[in-house]
Amino acid sequence: MKIISALISKIKDSQIAKDSSWAVIGSAVSKCAAMIVGIIIARLLGVDAFGEYGMVKSTLFYIAVFSTFGLGSTANRYMAQCQANDYSSIYNIIHNSIAITLITSSIMAVLLFTCAGFIADEPHLVLILRYTSFIVIFNAINTTQLGLLSGLKLFKAIAINNTISGIATLILGVTLTFYFSLSGAVAALFASTMLQCILNQLSLHQHLKTIRQSSSDNITNRPATTIGHLFRFSLPIAMQESVYVSASWIRIMLITSLAGYDELGLYTATNQCHQIIIFIPNVLRNVILSHLSSSLNDNARHKQTFSTMIKINLVSTMLPAFAIALFSPIIEQIYGDSFVGLAGVIVITAISSIFESICDIYVQEFISRGHNWITLLGYIVRNYGSLLIALPLLLKYGNQNGALMAFVAIMISQIIYCIMLHMLYKYKIQSKQ
């Protein structure tokens with residue numbers, strides 16, 4: 001009993017456990033709210049309209065991910081290496097990161113507004129994409145802000161902001177969808193995203209104010225982190241995100257053209273289940289990158305963090321994956337009669353998610369050490385590889401099993417990706433320690 005008590009006490013007192021707890025608590029409210037509102041929206045809209053909603057939401061999200069130019073991970077990494085009271089460096093990184101994100105996301109928003117007619121084939125979808133193109137800006141800034149807050153280890157502030165945003169998403173999503181259908185659902189998405197952006201900026205401003213008041217010397221000997229530094233480090237990360245965005249968008253287009261919006265509706269619903277399965281690994285991604293980056297000079301601590309998080313990600317993914325796969329027939333019934341075949345698709349994504357959670361730790365390890373080009377290579381193999389596998393499957397089975405075939409291809413490519421990252425880790429890092 002003494003050994004168990006000592007172990008529990010050690011875990012409770014560790015900073016990574018405290019940070020992880022805040023990250024999980026905050027995101028739990030946000031993700032639960034998103035899942036609930038997603039199911040309600042699906043029932044209110046039906047499978048076809050929900051497929052259209054998924055297309056609009058995915059388009060905005062994917063473009064926003066690319067428009068950050070990788071500043072979320074970059075800001076996290078650079079911020080984690082700053083001293084806690086180094087006002088000059090912290091202010092410099094925040095200012096330059098937000099500036100780059102604002103410029104790139106604004107350009108992408110204008111492009112989306114201009115090219116909406118080429119993306120959607122229905123007039124009402126074109127109009128919705130144009131009116132909501134500025135979600136791209138708020139989504140991109142949110143990503144960078146979360147990276148900055150994570151690098152500063154302000155996970156309590158992130159938790160509070162996520163909780164408020166999650167509650168707003170639930171209330172606005174249900175209300176506006178009920179009264180305004182698809183347009184209302186997208187309007188709720190815009191409002192909740194903008195709210196979170198405002199909350200994150202207030203948290204950053206308050207932290208800067210605290211540092212400035214408590215520090216008598218804001219001058220640092222650390223070289224300034226210029227826009228050029230951030231740009232060079234972010235370039236391969238931005239390219240990774242462009243690979244992810246382009247592959248994800250092509251996959252949606254393939255499903256839409258070869259299988260139809262009903263299969264895209266199944267694909268979107270399965271993605272919501274997938275987000276539940278990898279909830280904890282996704283939540284801990286910023287926590288891990290922050291701690292791996294700040295412990296590079298302590299090899300023993302660094303290796304312990306890496307090893308521990310592999311185990312945590314594996315366990316925290318396997319348990320929900322098994323539960324959701326087991327209850328997938330019930331989940332299919334919850335979504336409604338039009339979501340026939342959803343259970344089988346969920347089982348496939350549950351298997352794939354386990355390998356994805358392991359890969360996440362390797363990716364954060366490579367980024368923390370500045371090996372961003374290695375992760376770019378892995379992204380190319382995984383994302384474009386899944387498309388090459390999916391295309392013949394969709395051509396042959398897309399009419400009735402488009403969503404299933406898409407996730408089978410993702411599962412196969414994810415397994416290959418996991419093996420590849422492990423081999424690169426052993427060769428590039430482990431062999432030199």
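The quantity pLDDT is the predictor's confidence in each residue, on a scale from 0 to 100. The structure examined here is a predicted model, and its chain has an average pLDDT of 82, with 90% of the residues scoring at least 70. Within the chain, confidence is lowest in helix α1, which covers residues 2-13 and has a mean of 47, whereas confidence is highest in helix α13, residues 342-368, at 90. Where pLDDT is low, the predicted coordinates should not be read in detail.

Two packed helices are described by the angle between their axes and the distance between the axes. Helix α3 (residues 71-80) packs with helix α6 (residues 135-151) at an angle of about 20 degrees, and their axes are 7 Å apart. Because angles under 35 degrees count as roughly parallel, α3 is described as roughly parallel to α6. The crossing of these helices, α3 and α6, is right-handed. On the α3 side, the contact is made by Leu71, Gly72, Ala75, Asn76, Met79 and Ala80, which meet Thr143, Thr144, Gly147, Leu148, Ser150 and Gly151 in α6. By class, this contact of α3 with α6 comprises five nonpolar, seven polar and no charged residues.

A second pair is formed by helix α4 (residues 87-119) and helix α5 (residues 123-131), which pack at an angle of about 160 degrees with their axes 8 Å apart. The helix α4 is therefore roughly antiparallel to α5, and α4 passes α5 in a right-handed crossing. In this contact, Val126, Leu129 and Arg130 of α5 meet Leu112, Phe113, Thr114, Ala116, Gly117 and Ile119 of α4. The residues of the contact of α4 with α5 divide into six nonpolar, two polar and one charged.

How values were computed
Residues are numbered from 1 along each chain as its sequence is written. This is a predicted model: local features need pLDDT of at least 70, side-chain atom pairs count only at pLDDT 80 or more; totals for chains, interfaces and linings use all residues. Side-chain values use heavy atoms; hydrogens and water are left out. Axes are lines fitted to C-alpha atoms, for helices over the stretch in contact, and angles run from 0 to 180 degrees between N-to-C directions. Helices (H or I, at least four residues) and strands (E, at least two) are DSSP runs, numbered from the N terminus. Angles under 35 degrees count as roughly parallel, over 145 as roughly antiparallel, 65 to 115 as roughly perpendicular and the rest as oblique. A crossing is left-handed if the near helix is turned anticlockwise from the far one by less than a right angle, and right-handed if clockwise. Contact means heavy atoms within 4.5 Å. Ala, Val, Leu, Ile, Met, Phe, Trp, Tyr, Cys and Pro count as nonpolar, Asp, Glu, Lys and Arg as charged, and the others, Gly among them, as polar.
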